[in-house]
Number of protein chains: 4
Amino acid sequence: MEQIGIGVIGTGFMGKAHARAYNAVFSAYPDLALQPKLVGVADINGEAAKRTAVQFGFERHTSDWKSLIVDPEIKIISITTPNVMHREMAVAAAQAGKHIHCEKPLAPTAIDAKAMLDAANSAGVMTQVGYNYIKNPLLKLAKQMIADGELGEITSFRGVHAEDYMADPKILFDWRVDGSGGEGGAIQEIGSHIIGIARFLLGNIVEISADLETVLKTRPDADGTPRKVMVDDVARMIVRFDGGFSGSIEANWLATGRKMQLGFEVSGTKGSLAFTQEHLNELLYYRAGDPAREAGFSRIETGPQHPPYANFCPTAGHQLGFNDLKTIEMAEFLTAIAGGARNGPEFLEAYAIQNVIDAALRSSKERSWVTVK
Amino acid sequence: MEQIGIGVIGTGFMGKAHARAYNAVFSAYPDLALQPKLVGVADINGEAAKRTAVQFGFERHTSDWKSLIVDPEIKIISITTPNVMHREMAVAAAQAGKHIHCEKPLAPTAIDAKAMLDAANSAGVMTQVGYNYIKNPLLKLAKQMIADGELGEITSFRGVHAEDYMADPKILFDWRVDGSGGEGGAIQEIGSHIIGIARFLLGNIVEISADLETVLKTRPDADGTPRKVMVDDVARMIVRFDGGFSGSIEANWLATGRKMQLGFEVSGTKGSLAFTQEHLNELLYYRAGDPAREAGFSRIETGPQHPPYANFCPTAGHQLGFNDLKTIEMAEFLTAIAGGARNGPEFLEAYAIQNVIDAALRSSKERSWVTVK
Amino acid sequence: MEQIGIGVIGTGFMGKAHARAYNAVFSAYPDLALQPKLVGVADINGEAAKRTAVQFGFERHTSDWKSLIVDPEIKIISITTPNVMHREMAVAAAQAGKHIHCEKPLAPTAIDAKAMLDAANSAGVMTQVGYNYIKNPLLKLAKQMIADGELGEITSFRGVHAEDYMADPKILFDWRVDGSGGEGGAIQEIGSHIIGIARFLLGNIVEISADLETVLKTRPDADGTPRKVMVDDVARMIVRFDGGFSGSIEANWLATGRKMQLGFEVSGTKGSLAFTQEHLNELLYYRAGDPAREAGFSRIETGPQHPPYANFCPTAGHQLGFNDLKTIEMAEFLTAIAGGARNGPEFLEAYAIQNVIDAALRSSKERSWVTVK
Amino acid sequence: MEQIGIGVIGTGFMGKAHARAYNAVFSAYPDLALQPKLVGVADINGEAAKRTAVQFGFERHTSDWKSLIVDPEIKIISITTPNVMHREMAVAAAQAGKHIHCEKPLAPTAIDAKAMLDAANSAGVMTQVGYNYIKNPLLKLAKQMIADGELGEITSFRGVHAEDYMADPKILFDWRVDGSGGEGGAIQEIGSHIIGIARFLLGNIVEISADLETVLKTRPDADGTPRKVMVDDVARMIVRFDGGFSGSIEANWLATGRKMQLGFEVSGTKGSLAFTQEHLNELLYYRAGDPAREAGFSRIETGPQHPPYANFCPTAGHQLGFNDLKTIEMAEFLTAIAGGARNGPEFLEAYAIQNVIDAALRSSKERSWVTVK
């Protein structure tokens with residue numbers, strides 16, 4: 001067992017989630033070759049950095065993220081700042097030889113993502129991007145069942161990620177809707193999750209026809225003046241996979257009442273799977289060919305038979321939560337750094353997701369089908 | 001109370017469903033001004049016509065549908081034959097001055113539908129088309145709640161009708177997949193339902209971008225020879241309503257495990273509604289602004305407070321079934337004929353639905369957005 | 001095909017439900033040897049009788065139920081009046097040689113039920129009692145699966161029938177709560193259903209420990225005076241079946257929010273079944289021994305593979321409703337009268353149910369286990 | 001911030017769960033006055049102790065639990081060994097002045113529990129018992145809603161804890177079924193949870209009628225010889241609360257297919273709540289008096305409005321898992337030790353739960369109602 005130094009940039013929801021997961025990872029994965037050590041945390045708000053250091057046990061804190069980059073004790077940089085800052089930070093970290101865990105979406109545009117990918121490749125560092133939902137043991141199961149042919153030939157995919165955190169027209173204009181980095185809105189922030197899941201389960205998306213809609217045309221700024229929203233509230237996509245089948249994907253941050261309607265249904269000639277993150281410990285499975293009188297969708301509940309559930313609990317029925325998914329993510333990143341399996345998603349995969357988003361933006365603007373780069 | 005003579009053409013699932021509903025309608029709606037009388041039933045298979053006549057109490061049966069058209073005792077013709085035969089029958093019935101109930105979809109193409117509509121208009125007869133699912137008391141409630149502004153401004157619609165009755169690649173090639181009338185496949189047969197529901201709830205669809213996919217390229221004919229499938233198995237649409245909002249619609253008859261995944265979610269700034277025909281006696285409703293600690297989707301169960309549920313049962317908790325929806329449909333048709341409310345959907349509405357389907361076929365072929373006529 | 005004359009006593013919810021079902025039965029069961037003919041309907045309120053006659057097509061109506069009994073054209077008497085009147089009517093009908101369909105619960109007490117049973121047996125007439133919920137194709141499936149050993153050895157039963165129609169303390173004192181016939185409250189009115197289901201699935205209940213509670217001690221009469229409630233609002237029972245296993249049963253008419261929480265879970269060494277009438281077209285089934293990674297409760301949806309669903313609809317996904325269950329009930333009664341299968345429940349079974357209720361009343365009073373007669 | 005030394009006895013599921021929670025607690029509750037420090041872990045299997053020490057970062061490990069008791073650096077002892085060993089360990093810990101967290105159920109019998117309670121009281125140490133499910137933010141909400149009168153007068157409680165981990169007759173005879181400590185089986189192991197929840201929500205249970213059944217009379221020992229099972233597989237209870245209302249409780253470890261059917265329904269004159277641990281992030285709530293057309297059970301999803309959810313995640317829709325509940329438990333114990341709120345459940349409460357269990361054992365044996373001590 002060896003320790004590896006961690007530096008976390010950002011102390012918001014995700015900054016804390018990373019720190020929490022790094023703290024939890026070793027006891028969940030006692031066979032990990034590398035044990036994370038929280039060395040430094042940075043936040044432009046120095047007080048926040050300090051508080052977070054105390055909260056999670058970082059040895060140092062700073063208001064200057066660059067000091068983490070140059071810290072020789074730090075080998076892994078976690079980037080959890082807003083999207084537009086990812087590129088600069090990641091490139092600097094890569095150039096300093098740090099392994100990089102960057103929150104999703106990787107960057108505002110595919111161009112930025114490519115620059116980050118190139119920097120990481122040049123430096124030969126390991127990367128990971130925070131698409132935590134695919135770390136769910138049941139999504140691993142879904143992927144395996146599809147790979148094992150249990151669904152037969154895939155005939156259709158339907159994916160959605162809908163929430164309501166922007167549904168209230170009174171929510172103020174802010175960085176999420178100003179589009180200053182050239183990025184999308186809902187498609188970028190939550191659509192990237194369901195696009196990532198689609199790719200995780202079914203492979204490359206090669207063609208896309210998209211409609212990105214700004215439903216709430218303006219939002220008030222702090223003094224009540226309406227400001228023009230520059231990004232999509234709802235993105236609807238029809239997609240073709242290179243496996244030869246098609247699907248639809250929706251991202252929607254105006255879905256009143258929905259807190260985490262992140263789900264999908266995959267159909268094949270021999271079976272189907274359905275999932276929603278609203279019940280993240282359940283996967284629905286229909287097996288064609290079961291005796292007719294008893295056939296139906298089975299509600300599979302997560303248990304120790306679904307790795308890595310048993311790392312958290314030895315018996316069935318004890319559900320995993322969001323933070324556990326984040327712990328799995330960190331464990332897999334550390335495993336990859338230590339030379340083990342590379343489960344990613346690495347920058348390469350996040351770049352591919354960003355290419356789908358860019359294609360959707362282009363398709364919507366041109367009102368036509370486009371090929372994904 | 002006056003009797004009105006009924007003639008039913010076709011004795012399959014829908015022919016029987018019509019007869020059953022005509023028989024049930026008066027006791028459910030004792031205040032109806034017109035009581036249906038089953039005069040004649042026609043089927044090209046004369047034995048089937050005879051059996052059906054006995055089963056439902058028709059006075060006469062015939063293998064020649066035209067004899068119903070000329071029967072002076074018959075005032076209403078129910079057309080339940082395959083789609084490609086609707087036009088000839090409906091035009092003949094209209095010209096003979098009969099009111100017409102025609103099963104959905106109205107016709108293979110909008111051209112056919114228009115001819116039927118024109119014939120009915122010229123003759124001044126009443127029409128109805130068998131979009132039974134919108135007869136559900138809870139869909140009436142949904143429409144009313146939207147009209148009452150309970151959802152605020154509508155921001156999104158997501159609709160799907162997915163079943164699996166064509167999912168098995170071994171299902172034989174037949175009229176449903178030969179496209180001989182110029183019609184679609186899944187979009188026509190089940191997509192018309194969800195398009196109809198979208199219009200019922202939210203009004204006109206004015207623009208559409210569609211992808212209609214033939215997933216199973218061939219199906220075997222009776223001797224095992226592969227025949228090329230000419231229609232869509234899965235149709236995915238992005239649609240714009242003239243209310244200024246958008247949505248997506250999917251029709252899919254390969255959805256393994258799904259027997260009646262006909263559902264929707266409508267979101268608005270003040271609330272949302274979600275429904276699936278799999279639980280036809282439930283409507284989910286989220287009201288924005290409820291006290292935070294108690295907010296959530298409510299599961300509204302049908303009861304006597306939701307007309308016309310009480311026509312079937314005076315107390316809550318006793319669920320309606322499919323055949324009851326068909327009874328409502330017939331009651332409303334008879335009401336319209338008697339000069340009461342015209343709830344339709346009449347040929348005009350079914351023509352509008354067909355125009356959406358035609359636009360989708362065109363859009364998919366041209367791979368571009370098209371305007372719905 | 002032969003017609004058989006029907007007389008219905010009572011024109012409330014159940015009187016109408018019987019008439020509706022008699023009207024529907026022949027087209028659902030065209031092979032029935034006997035076709036019901038609605039001859040007469042009686043209600044002490046002559047106007048109600050008249051309206052009902054018109055609504056359902058009875059040939060005659062009367063305010064004197066005895067005139068139906070003596071009507072030679074009537075061969076079947078349906079008794080749908082309040083519980084306390086069943087005995088007199090049924091005995092008279094039996095003595096007149098009529099077959100008898102009596103609504104549940106059969107009688108206030110087992111003594112009354114026995115008298116009715118004896119009268120029917122002496123007269124050699126066929127009987128049926130309106131426990132409609134067991135007519136559900138999925139309950140027939142459940143019974144069959146248990147009989148086929150798919151659950152292995154039964155280890156436990158949990159049943160409940162909870163509704164909220166008496167939950168409001170302001171509901172007026174009436175015959176349901178005066179206990180004048182010696183009967184129970186919730187246990188009698190709805191508990192009889194779940195007791196009937198328990199027996200239908202699993203056989204005789206031989207021992208019982210019950211607690212019958214009057215939660216709302218008084219209810220106001222019409223002028224607001226509190227009157228003492230004489231019956232149970234909630235009945236809780238622990239029961240032993242003669243198969244050697246045990247279970248629990250609850251009847252509760254104060255269950256705020258519940259409109260039809262009539263359900264059960266049966267566990268066995270090889271499998272389990274769970275059901276609720278809230279989703280009457282679904283049965284949940286867990287098969288022990290399925291591959292671990294895919295095991296889970298399957299949601300079986302009713303379809304034509306579950307007789308007699310296909311009598312109502314030839315294709316899956318089209319749900320049955322309450323009135324359809326009533327139609328099945330009538331069809332099976334007519335079948336029995338015609339010399340076919342006797343599916344019951346006959347008076348003998350209803351008497352057995354009443355014996356369980358009587359035992360529960362006794363157990364609760366004595367606060368001890370009692371043997372069911 | 002001050003550190004407090006922890007010693008954990010036992011390294012099974014719960015030993016690890018405690019260690020994991022102690023490690024997680026401070027970052028979730030950064031305002032805690034006391035920060036746990038993992039000082040020592042004991043297991044009779046010294047290797048297991050060593051491995052666990054490494055896994056969770058304990059400073060010391062031992063095969064002799066008594067060495068933790070005498071360790072001056074340790075102020076809190078966590079007892080996670082089998083039930084029969086709790087008393088000796090807890091009494092020793094109390095006498096040594098340690099605060100004690102003991103896993104549930106507290107002890108085999110109320111006599112043992114009382115001895116532990118007395119020892120803790122004499123020593124003036126703080127105690128906590130591992131009834132983690134009540135730490136769920138939604139159960140705290142449920143308790144608060146009941147206390148606030150949102151359900152009106154309570155009319156009924158129905159509780160169940162059913163799992164299937166003993167359902168297979170081939171499971172070997174072991175300490176869980178030998179009854180050597182005088183304890184129950186399912187009632188003790190899982191029934192204690194639902195009894196605890198009933199008390200948490202609704203207060204004291206004062207009278208009980210129980211039926212404890214050994215369904216599988218024998219289980220094989222390692223060489224296949226059948227050994228007589230001495231404890232209950234299924235426990236069914238009818239209970240009276242001192243609030244004047246009643247309920248039922250079931251504990252069942254033979255419930256094939258159920259992994260965590262731990263749930264309840266509480267009804268009152270103004271509302272109802274329903275919950276199952278199978279969906280631990282949801283609480284169903286029915287509010288009587290809502291507008292009739294829109295009334296229904298609302299599915300409340302946990303969010304930051306439900307303390308202490310926000311300690312784990314700042315935004316809605318990110319579900320908590322089992323381990324998070326355990327973290328809340330530890331945080332509240334540390335809070336109590338630091339002089340803050342005493343949320344318990346302390347030994348006093350666990351003793352009360354044990355008294356209910358003892359009463360159930362007595363009632364079942366005597367086949368009569370008994371008063372809970």
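**Reading a sheet and an interface**

Analyst: In this predicted model, helix α1 (residues 13-28) of chain A lies across β1 (2-9), β2, β4 (74-79) and β5 (99-102) of chain A, and runs at about 155 degrees to β2(A). Helices (H or I, at least four residues) and strands (E, at least two) are DSSP runs numbered from the N terminus, and contact means heavy atoms within 4.5 Å. Axes are lines fitted to C-alpha atoms, for helices over the stretch in contact, with angles from 0 to 180 degrees between N-to-C directions. Residues are numbered from 1 along each chain as its sequence is written, while chains are lettered from A and ligands numbered from 1 in the order in which they are written. Local features need pLDDT of at least 70, side-chain atom pairs count only at pLDDT 80 or more, and totals for chains, interfaces and linings use all residues; side-chain values use heavy atoms, leaving out hydrogens and water.

User: Where does helix α2 of chain A pack?

Analyst: Helix α2 (residues 46-56) touches β2 and β3 of chain A, and its direction makes about 160 degrees with that of β3(A).

User: What is the strand order in the open sheet of chain A?

Analyst: Start with pairing: two strands pair if DSSP finds at least two bridges between them. Here six strands follow the order β3-β2-β1-β4-β5-β6, with parallel pairing. Strand β2 (residues 34-42) of chain A joins β3(A) through three bridges, and A:Val41 has A:His61 as its bridge partner.

User: How much area do chain A and chain C bury between them?

Analyst: The size of an interface is often given as the accessible area lost when the parts come together. With a 1.4 Å probe, summed over both parts, the figure is about 1600 Å², 38% of it on carbon and sulfur atoms. A:Arg293, A:Glu294 and A:Phe297 supply 41% of the area that chain A buries against chain C, more than any other three residues.

User: How many salt bridges cross the interface of chain A and chain C?

Analyst: A salt bridge needs a side-chain nitrogen of Lys or Arg within 4 Å of a carboxyl oxygen of Asp or Glu. By that rule there are six. C:Arg293 and A:Asp148 meet in a salt bridge, at 3.0 Å from N to O.

User: Which strand of chain C is joined to β16(A)?

Analyst: Strand β16 (residues 296-301) of chain C runs antiparallel to β16(A), with five bridges between them. Look at A:Ser298, whose bridge partner is C:Ser298.

Notes
Buried area is the accessible area (1.4 Å probe) that two parts lose on being put together, summed over both.
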